[in-house]
Amino acid sequence: MSGLEDQIKEIEDEIQRTSYNKATSKHIGRLKAKVAKMKEEAVQRAMSSAGGGEGYSVKKSGDGTVVLVGFPSVGKSTLLNRLTGKESEIAAYAFTTLTVVPGVLEHKGAKIQILDIPGLIAGAAMGKGRGKEVIAVVRSADLILLLGDVYNGKHLDVLMRELYDAGIRINRPKPDITIKKASSGGIRLNYVGRESLDLDEVRSILAENKINNADVLIRGDVTQDDFIDAMIGNRVYVPAFAAVNKVDLVDDEMRKEVKETVTGRFGEEPYMISAHSGYNVEELKDAIYDHLGFMRLYMKPLGGKADMEEPLIVRSGSTVEEVCQRLHRDFVDKFKYAKVWGNSVKHDAQRVGLQHVLADEDIITIVSRF
């Protein structure tokens, strides 16, 4: 594996040394595609060679699943206990958590599954440690909470690189790119919007994956990296945010320095917390809820009063049809109309159909055919 890693580093260094311009774009695209393919093959080899052992099987539950991702000993188990009351084993040494420990955070009416996983280490994406199993759990998450501590702010860089190498794209929308292989005709490139890549770049990248005939459609502004991700095809796009633990152990000056450092590396301010003392943990709960993009709906039976005590928790932008599916599949088949009170309609008790998009704190009555 070290030989392969050396080859990858050599090509990445060449990419760094080469200025990107019109004349070099095709060459850089080919090198990037080559590195991506080598990394993907290394990951797949690591996963297959690690096969036969016992993996982590976690059934998703609740309204959303959050995975705590961090290096060993940053306090993930302590934070899980603080958030959920779950007794995850805690000790002052690395690798205490050797399996996935789930807990449930109940907040603003939502039941949120929190997973404490074994600490990531450098090289996890290529199978080091329990990297294969850990990465598989992270890929299925609805939200990633990157957890560092005040003594190891630079660890977030390593975490983000490991997730990237494992095909996990954080806080990025999935690019709208379609690649349909063909038997002949070469590469045919079509755009909707601005042309951000030219035909030579696209042809060079595809050639690294032995694709010489294809119809390519790109919508919107994309980069070479976006196109390479679409070509490989197994990327997942997951929202994430960062928190820095153990802030009660340092003075204000160091706390400020760490916060600024992490903000510069991650692109947004981290939540500064202490899982041990509970400092800022309530604010962290709000952040988890908000990053999951939840909204609350109140169900009102026909002719009755709305249940304002227990909201139905759904994702922002949900339609009436998605609410019906959450309640029971028969609601879709027998749907007649719905009545809605709230911000998503022009007037209270407005009749809407299945495709109506709901808003936070709407009240909804579903009327079915009998």
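Start by selecting β7 and strand β8 (residues 214–219): the two run parallel and are joined by six bridges. At one of the paired positions, Val192 has Arg219 of β8 as its bridge partner. Keep in mind throughout the tour that this is a predicted model.

**Stop 1: the three-stranded sheet**

Together the three strands make an open sheet with mixed pairing, in the order β6-β8-β7. The edges are taken by β6 (176–181) and β7 (187–192); each has a single partner strand, so one side of each is left without a neighbour in the sheet. Direction ignored, neighbouring strands here are turned by 10° against each other on average.

Next, show the helices that lie across this sheet. Helix α6 (residues 199–208) lies across β6, β7 and β8 and runs at about 125° to β7. Helix α7 lies across β6 and β8, running at about 45° to β6.

Stay with α7 for a moment and show its side chains. Which residues of α7 are buried? They are Gln224, Asp226, Phe227, Ile228, Asp229 and Met231. Just after the helix, select Gly233, which takes a positive phi of about 85°.

**Stop 2: the largest pocket**

The pocket holds about 530 Å³ of space. Its lining counts 18 residues, and the closest to the centre are Glu12, Val35, Lys39, Tyr164 and Asp225. Select those five to centre your view. What classes of residue make up the lining? Colour it by class and you will find eleven charged residues, six nonpolar and one polar.

**Stop 3: Glu40**

Now pick Glu40, which sits in helix α2. Is Glu40 buried or exposed? Its relative accessible area is 15%, under the 20% cut-off, so Glu40 counts as buried. Display its surroundings: apart from neighbours within four places in sequence, Glu40 is in contact with Ile232, Asn234 and Arg235. Then draw a C-alpha to C-alpha distance from Glu40 to Ala166; these two are 126 residues apart in sequence but 7.9 Å apart in space.

**Stop 4: the six-stranded sheet**

Clear the selection and bring up the next sheet. Six strands form it in the order β2-β3-β1-β4-β10-β11, again as an open sheet with mixed pairing. At its edges stand β2 (101–107) and β11 (271–272), each with a single partner strand, so one side of each is left without a neighbour in the sheet. Helix α8 (residues 252–266) packs on this sheet and touches β4 (143–149), β10 (240–245) and β11. The direction of α8 makes about 160° with that of β10.

Select Pro102 and you will find its bridge partner, Leu115, in β3.

**Stop 5**

**Stop 6: two loop residues with positive phi**

While you are here, follow the loop between β15 (350–352) and β16 (363–368) to Glu361. Glu361 is not a glycine, yet it has a positive phi of about 70°. Its relative accessible area is 41%, which makes Glu361 partly exposed.

For another case, go to Ser73, in the loop between β1 (64–69) and α3 (76–84). Ser73 is also not a glycine, and its phi is positive at about 70°. How exposed is Ser73? It is partly exposed, with a relative accessible area of 37%.

**Last stop: the whole chain**

Zoom out to finish. The chain has eleven helices and 16 strands, and buried residues make up 46% of its 370 residues. Of the contacts between residues at least 6 apart in sequence, 68% join residues at least 24 apart. The link between Glu40 and Asn234 is one to revisit with that in mind.

Note on methods
Residues numbered from 1 in each chain as written. Predicted model: local features only at pLDDT ≥ 70, side-chain atom pairs only at ≥ 80, totals over all residues. Heavy atoms only, no water. 1 Å grid on protein atoms, 1.4 Å probe; cavity = no way out; pocket = protein on both sides within 12 Å on 5 of 7 lines; lining within 4 Å. Points joined across faces, edges and corners; volume = space filled by probe spheres on them. Nonpolar A, V, L, I, M, F, W, Y, C, P; charged D, E, K, R; others polar. Helix = DSSP H or I, 4+ residues; strand = E, 2+ residues; numbered from the N terminus. Buried < 20%, exposed > 50% of the residue type's maximum accessible area, 1.4 Å probe, protein only. Pairing = 2+ DSSP bridges. Axes fitted to C-alpha atoms, helices over the stretch in contact; angles between N-to-C directions. Contact = heavy atoms within 4.5 Å.
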